[in-house]
Amino acid sequence: MALGSDAVGLAIGEHPTRLNNGVYGGMFELPNMQIDGSQSGGAYVDGRTTICKVVRNISGGALLPGRGVVFDTLKPGLGINAYAGSGERPDGFLDPWLPAAGVADDEYCLMVVAGPTLLRHSGGTAVAFDDECIMAANGQVLKTSADPPAVADVESMAGIAEEAASVSNAAFKANVKGIL
């Protein structure tokens, strides 16, 4: 599969109005960057690449950054309509550098499908470096309860933690495996 690159001028945290301009549905390799509030540039977090897909929120409400989401069955690969739930396999994770209010309904955004990103902890059992994370409620993640993980956990695997988190809704670094 051919991927676009940051040569098209996209970046993590990109403003939604730029994403519908001929790139909707496209997949892009983008540098792992932290965007400043202006969305006009940012500082590299590390030298790795994040693979993202341009999607549209068709959920009927705002979806928050860093949470696992699923595609609408009528618009697979294009429209996201809900957070991934407990035990559900996510199709990707919303751009962690979106504004705190998230992406509004009927707006475009980047969804991380592979590589480094920030996920949101569901609370409960703390996540430590190198823990395998699975989907919890509302698009948040938690640590797997068994090592090796149970079959149900493998089916809802979200990624591998790259730092610790213990507070509900806390953002933490993780490496998301390729889902698409």
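Colleague: What should I know about the model before I look at it?

Modeller: It is a predicted model, in which local features need pLDDT of at least 70 and side-chain atom pairs count only at pLDDT 80 or more, while totals for chains, interfaces and linings use all residues. Residues are numbered from 1 along each chain as its sequence is written, and side-chain values use heavy atoms, with hydrogens and water left out.

Colleague: How many salt bridges does the structure hold?

Modeller: There are 3 salt bridges, each being a side-chain nitrogen of Lys or Arg within 4 Å of a carboxyl oxygen of Asp or Glu. In one of them, glutamate 162 meets arginine 48 at 2.8 Å, N to O. That pair links distant parts of the chain, 114 residues apart, with glutamate 162 in the loop between β10 (157-161) and β11 (171-176) and arginine 48 in strand β3 (residues 42-57). Strands here are DSSP runs (E, at least two residues), numbered from the N terminus.

Colleague: And which residue does arginine 56 meet in a salt bridge?

Modeller: Arginine 56 pairs with aspartate 106, at 2.8 Å from N to O. Arginine 56 is in strand β3, whereas aspartate 106 lies in the loop between β6 (92-94) and β7 (108-120), 50 residues apart.

Colleague: What about aspartate 131, is it buried or partly exposed?

Modeller: Aspartate 131 counts as buried because its relative accessibility is 14%, where buried means under 20% relative accessible area, exposed over 50% and partly exposed in between, with a 1.4 Å probe and protein chains only. Its salt-bridge partner is lysine 143, at 3.9 Å from N to O, and lysine 143 is partly exposed, with a relative accessible area of 30%.

Colleague: Changing topic, which residues have the most contacts inside the largest nonpolar core?

Modeller: They are Phe93, Leu119, Cys133, Met135, Val141 and Phe172, in a core of 14 residues. β11 gives the most to this core, with 3 residues. A nonpolar core is a set of buried Ala, Val, Leu, Ile, Met, Phe, Trp, Tyr and Cys residues joined through side-chain atoms within 4.5 Å.

Colleague: What is valine 141 in contact with?

Modeller: Leaving aside neighbours within four places in sequence, valine 141 is in contact (heavy atoms within 4.5 Å) with residues including Phe93, Leu119, Cys133, Met135, Ala158 and Phe172.

Colleague: And which residues does the second core include?

Modeller: The second core is separate and has 12 residues, among them Met27, Leu94, Cys109 and Val113.

Methods. Helix = DSSP H or I, 4+ residues; strand = E, 2+ residues; numbered from the N terminus.
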